[in-house]
Amino acid sequence: MAMFENLSERLSDSLKKISGKASLSEANIQDTLREVRMALLEADVALPVVKDFVEQVKQRAMGQEVNRSLNPGQQFLKIVQAELEKVMGEENESLDLAAQPPAVILMAGLQGAGKTTSAAKLSRYLSEREKKKVMVVSADIYRPAAIEQLKTLAAEVGAEFFPSDTSQKPVDIVNAAIASAKTKFVDVLIVDTAGRLHIDGEMMAEIKEVHKAANPVETLFVIDAMIGQDAVNTAKAFNEALPLTGVILTKVDGDARGGAALSVRHITGKPIKFLGVGEKTDALEPFHPQRIASRILGMGDVMSLIEDVERKVDQKKAEKFAKKMAKGKGFDLEDLRDQLQQMNNLGGMAGLMDKLPGMGNMAQMAQQQNVTGQFGQMEAIIGSMTVKERRNPDILNGSRKRRITNGSGTTIQDLNRLLKQHKQMGKMMKKMKGKGMQNMMRGMGGAMGGGSGGIGGGGMGGGMPPMGGLPPGNFPRR
């Protein structure tokens, strides 16, 4: 996730200087806070939010809290982290769906913010993770394309779709959908509403009517993180017209600054409940202020990584792989291909590193070096081999190699590099006594300290991709 990249770099640099100090003076606190203030403003955080934030940190840092601690520099860092969490709303606030079914969720926001896509992502999230039966309906009578888009997405995520068309009134559509949801025993009905390119009186009057008819338990305001300060202003206007219960921040992966995420809660008083982090229908994450604060300060987000692994790693394959290794059977190219696929499911190398403490810079390097692209190339090479060759790479002679590289559009050098990496990984597997990746990840969790929710008890799947498999010499030494 590119979000907070610049902010994270700036803050890490200024806080590194102070966190090593054995004693803090008013002068070095002031200097650091000046840098923090600049970093936040550059990240497009709203001015009143920056003022309050810096003031709170200053009050706490100048107080007894820091002077009495054994390591004042680290204590200062802790204060910054706690205040960042506070700005974003301390806890993850989940959806409140405790209502007589169907519980209605109303999606509001400007055109192009990603409401329709978010409605589909939310359907998938609720059905997969909370086992709810979901129905979606579009009350956007101005854009036939929006109704069609929702229909297509509903089919993709396995949600019930209630048809509507442009000749109907939005309020009538909502009433009919609620009636239908009751007869089909639907748990949650998600209502997608019309957006305009800007806020206008007519639009607000219409959405108020729809809100009244729907009587939703959740009214979620969908905003595009990339419009920065403007996002916060539109949220404010909607909040005055509708009783919002929370915010979905979309296109987070495209916004390197992250100002909207830090400003929305403070200005509207409403929590961010989800982040949209990509185009795919599973790209919706619950918003955890503690984890985001930790990532902003370059401390990684191990908890989210554990959840990703538990959800996205194919446990059956992982167990099979661990058993095979335990029996002392070699690590062949089919195993390597499985590992690469698991890695891709977790967002590639950059996505993984982004969540590991102190690896933020490595994640950027991985992106620049296009490591994921290299993984794709490795998969293509393995795909051009016969089953026999994959299981026993030693039989690869000159003519076989030429056939494989022609078939995968690669060079002999690429193939030889892959074989070298495969050998290195095989050696690593032997060292791990064939107990699979589980132990390696546990070890990493221990090394990182349980503070970030260490991987220790996370029961990571044995199919975790080996970090040692990175092409040697591909990263500049630091």
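I looked up Asp224 and found that, in this predicted model, Asp224 forms a salt bridge with Lys251, the closest N and O atoms being 3.4 Å apart. Asp224 belongs to strand E5 (residues 218-224) and Lys251 to the loop between E6 and helix H11 (259-268), so the pair ties together parts that are 27 residues apart in sequence. I noted that Asp224 is buried, at a relative accessible area of 12%, while Lys251 counts as partly exposed at 34%.

Next I turned to Glu334, whose side chain meets that of Arg390 in a salt bridge (3.5 Å, N to O). Here Glu334 lies in helix H15 (residues 333-345) and Arg390 in helix H19 (residues 387-391), so parts 56 residues apart in sequence are tied together. With buried meaning under 20% relative accessible area, Glu334 counts as buried at 19%, and Arg390 is buried at 11%.

I then went to the strands and asked how many residues of strand E7 (residues 272-276) are buried. Five of the five are, so E7 is largely enclosed by the rest of the structure. I found that E7 pairs with strand E6 (residues 246-250) in the parallel sense over three bridges, where Phe274 is the bridge partner of Ile248. With strand E8 (residues 284-286), E7 pairs in the antiparallel sense, over three bridges, and there I saw Leu275 standing opposite Glu285.

How values were computed
Residues numbered from 1 in each chain as written. Predicted model: local features only at pLDDT ≥ 70, side-chain atom pairs only at ≥ 80, totals over all residues. Heavy atoms only, no water. Buried < 20%, exposed > 50% of the residue type's maximum accessible area, 1.4 Å probe, protein only. Helix = DSSP H or I, 4+ residues; strand = E, 2+ residues; numbered from the N terminus. Pairing = 2+ DSSP bridges. Salt bridge = Lys/Arg side-chain N within 4 Å of Asp/Glu carboxyl O.
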